[in-house]
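Here are my notes for someone opening this one for the first time. Have the viewer ready and follow along point by point.

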Amino acid sequence: MVGTQAIIHYMDMQMNLLRPEKTLTGQDGELIEYEIPELPGYRFTTELVIGIEDDEMPTFVQPQTEIKYQANHLITIELRYQKLPTAQPKRADAKQWVAQADHKFLVKSQQETIPVFDDDCKIIEQNVLQPNTFGTYTQQKEVGDETYYQIAPHQWVRSSDVVIVENRPKNKQPELWQMAPIDFTAVVKIPDNMQVVLWQINPQTLAQNKLDAHVVDNGTELKIDSKIMIAGELFYHIVNGNWIRSKYVTRKL
């Protein structure tokens, strides 16, 4: 039997470690046994795994899923926790309440952070969510023209700041953030007096970096080898290069 390892990370929704990581060892094919502890001031929300069958992208772990050691693979398990509020404001009246089971969401990537609101729809100071992080909500309400999702007792986010993620069977990643191989030649289609800025994207963390010094002109032909959807926006990967927003190119006929 071949020995291998698994690492357990305990993190909040902003990717901060809440306690030291735990390293487990076992044999190839054995079940990885670990507990999801209760942490004071936090509630457990999400479990992800990285490293299954060479998949380096985080994948949601469904309840009762068995994760096993794999030879020559380091398995990383991330346990995500949501911070509980310290204040208990009174609950505001809302037009509609809808009780739901936990639903997962992905914070949109177009902004630096998103605000968290109390029951009266007022911003909770120094309480924000980071882009490209996951969370869950248990209820939603409509106040005026805005929909809010409850992420913790007396804590809400606006629906316009997040993208809902559906659970998928067999522990596969939703297409929302899954990178898929493709093969075609694209042509940049923009006004002649403009240029398109390219992007650097980490497919594992979804971190994005706008490369202002890397631009392409109208009519430039680009060989595309993969695509990724992040918070509702499609990006194409240029062979041996960076990423470009799909809306600026068309497929070469």
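1. Start with Lys223, which is partly exposed at a relative accessible area of 40%. On this scale, buried means under 20% relative accessible area, exposed means over 50%, and partly exposed is in between (1.4 Å probe, protein chains only). Lys223 forms a salt bridge with Asp183, with the closest N and O atoms 2.8 Å apart. This pair ties together distant parts of the chain: Asp183 is in strand S13 (residues 180-188) and Lys223 in strand S16, 40 residues apart. Asp183 counts as exposed, because its relative accessibility is 58%.

2. A word on where this comes from. This is a predicted model, so local features need pLDDT of at least 70 and side-chain atom pairs count only at pLDDT 80 or more, while totals for chains, interfaces and linings use all residues. Residues are numbered from 1 along each chain as its sequence is written, and side-chain values use heavy atoms, with hydrogens and water left out.

3. Back to the charged pairs. A salt bridge here is a side-chain nitrogen of Lys or Arg within 4 Å of a carboxyl oxygen of Asp or Glu. Side chains of opposite charge can pair when their charged atoms come close. How many salt bridges does a search of the whole structure find? The search turns up 4. One of them joins Glu221 and Lys252, with the closest N and O atoms 3.0 Å apart. That pair also links distant parts of the chain, since Glu221 is in strand S16 and Lys252 is in the segment after strand S19 (249-251), 31 residues apart. Glu221 is partly exposed at 48% relative accessible area, and Lys252 is partly exposed at 42%.

4. Now look at Glu78 and Arg80, whose side chains meet in a salt bridge (2.6 Å, N to O). Are these two residues buried or exposed? Glu78 is buried, with a relative accessible area of 9%, and Arg80 is buried as well, at 4%.

5. Strand S16 deserves a stop of its own. Strands (E, at least two residues) and helices (H or I, at least four) are DSSP runs, numbered from the N terminus. S16 is joined to S13 by 6 bridges, and the two run antiparallel; the bridge partner of Phe184 in S16 is Ile224. Another 6 bridges join S16 to strand S17 (residues 233-238), again antiparallel, with Ile230 standing opposite Glu233 in S17. For pairing, DSSP has to find at least two bridges between two strands.

6. Within S16 (residues 221-230) you will find Ser226. Ser226 is buried, with a relative accessible area of 8%. A polar contact of 3.4 Å joins the side chains of Ser226 and Asp225. The term covers N or O atoms within 3.5 Å; within protein, one must be able to donate a hydrogen and the other to accept it, and residues adjacent in sequence count only if both atoms are side-chain atoms. Leaving aside neighbours within four places in sequence, Ser226 is in contact (heavy atoms within 4.5 Å) with residues including Met179, Pro181, Tyr236 and Trp243.

7. Elsewhere, 5 strands form an open sheet in the order S2-S1-S5-S3-S4, with mixed pairing. Its edge strands are S2 (17-27) and S4 (59-60), each pairing on one side only. S3 (residues 42-50) and S4 pair in the antiparallel sense over 2 bridges, and Leu48 has Phe60 as its bridge partner in S4.

8. What about the inside? The largest nonpolar core has 14 residues, and Ile8, Ile32 and Ile75 are among those with the most contacts inside it. A core here is a set of buried Ala, Val, Leu, Ile, Met, Phe, Trp, Tyr and Cys residues joined through side-chain atoms within 4.5 Å. The largest share of this core, 4 residues, comes from S5. A second, separate core of 13 residues includes Val196, Tyr236, Ile244 and Val249.

9. Finally, the overall tally. The protein chain has 0 helices and 19 strands, and buried residues make up 44% of its 253 residues. Among contacts with a separation of 6 or more, residues 24 or more positions apart account for 64%.
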